[in-house]
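This report covers side-chain contacts between charged groups and between aromatic rings. The structure comes next, followed by the details.

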Amino acid sequence: MAFRRAVRTVARAFDADEVHLTGGEPTLHTEVPALVGALTGMGLNVGMTSNGERGRQVMPECSAAGLNRVNVSVFGTTAAELQAVQSERFRSAGLAEAKIRAAEQTVRSAVSNGVKVSVNIVVPGMVHVDRVVNLVESYGQFADVRMLTSIQHGPESVAAISEVLARVGAEPVLRTFTAGTSDERTLYRALGGRAVYVKRLLPVRLPDTCASCRFNNDTDCEEGYYGIRLYLTDQREYMVGVCIQRMDLCVPVAELPRSGIVEEVQAFKDAEVRRLTREYGAAA
């Protein structure tokens, strides 16, 4: 199977033990439980990011296939809250309410089937504080909540998250980094023992690949270097990428050993481990 060969090649090249299924929307894939099973069969830890479109229907099978975690993006507890941040499609209150129900059903189905769940909430600015507090208090009763800073809104997003944390009585517990990527998060404990995470994207760049990129500045780069990505083209060819904005940087899986990507990523990760260890102490 070409999928297994591609994943195995990439996982071995980067000594990876985890795969995350993301969008499009994974739950709409007709064979998503089989894909999860294929990945866990290779000894990989499997996670997923979903908007909850069909999560209630597929979560039992995905759990049985070994799905470890799902991150569910949520936008509101009422139609009005969701409509404030979503596209024109959800101007219909009925569609907005259906979207809210689907996300909650996905979260509850995952929890009941033993899959770890994080509820993802992007926090653009202060006008969204009430909406986000409602989400934290609603979903925090049965799932972890993860607030994400909005790169486009910068300091306003950070200030809004601080206000939410104050409103729910959150206290910091643990700060973690994923060495060699832009991922940094802090765990808080809120009132009632809720687990609330704050995820921030750091301005991390690959030293060679990103150096001359036109997006390599504080306003145009949407994510920094977050990790290795595997894509399937319309021509059914698997490609490896390092950037969500630069598809031209992708290389066929067969060419990965000769591309220089593995060496650059590994050297950068090793350097980041050394830097973080010096700055914060022993790595976990």
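Arg200 is partly exposed, because its relative accessibility is 33% (buried means under 20% relative accessible area, exposed over 50%, partly exposed in between, with a 1.4 Å probe and protein chains only). The model is predicted: local features need pLDDT of at least 70 and side-chain atom pairs count only at pLDDT 80 or more, while totals for chains, interfaces and linings use all residues. Residues are numbered from 1 along each chain as its sequence is written, and side-chain values use heavy atoms, with hydrogens and water left out.

Arg200 forms a salt bridge with Glu184, with the closest N and O atoms 2.9 Å apart (a salt bridge is a side-chain nitrogen of Lys or Arg within 4 Å of a carboxyl oxygen of Asp or Glu). Glu184 lies in strand S7 (residues 183-189) and Arg200 in strand S8 (residues 195-201), so the bridge ties together parts that are 16 residues apart in sequence. Strands (E, at least two residues) and helices (H or I, at least four) are DSSP runs, numbered from the N terminus. Glu184 also meets Arg175 in a salt bridge, at 3.1 Å from N to O.

## Other salt bridges

In the whole structure, a search finds ten salt bridges. One of them joins Arg229 and Glu223, at 2.5 Å from N to O. Both Arg229 and Glu223 are buried.

## Aromatic pairs

Rings of Phe, Tyr and Trp (its six-membered ring) pair if their centres lie within 6.5 Å; planes under 30 degrees apart count as stacked, over 60 as edge-to-face and the rest as tilted. By this rule there are two aromatic pairs. Phe3 and Tyr238 have ring centres 6.4 Å apart and planes at 50 degrees, so this pair is tilted. The pair links distant parts of the chain, with Phe3 in helix H1 (residues 2-14) and Tyr238 in strand S10 (residues 238-241), 235 residues apart. Phe3 is buried at 12% relative accessibility, and Tyr238 is buried at 17%.

Tyr139 and Phe142 have ring centres 5.8 Å apart and planes at 55 degrees, so this pair is tilted. Tyr139 is buried, with a relative accessible area of 3%, while Phe142 is partly exposed at 23%.

## A charge over Phe142

The charged end of Arg108 sits over the ring of Phe142, 4.0 Å from the ring centre (this requires NZ of Lys or CZ of Arg within 6 Å of the ring centre and within 35 degrees of the ring normal).
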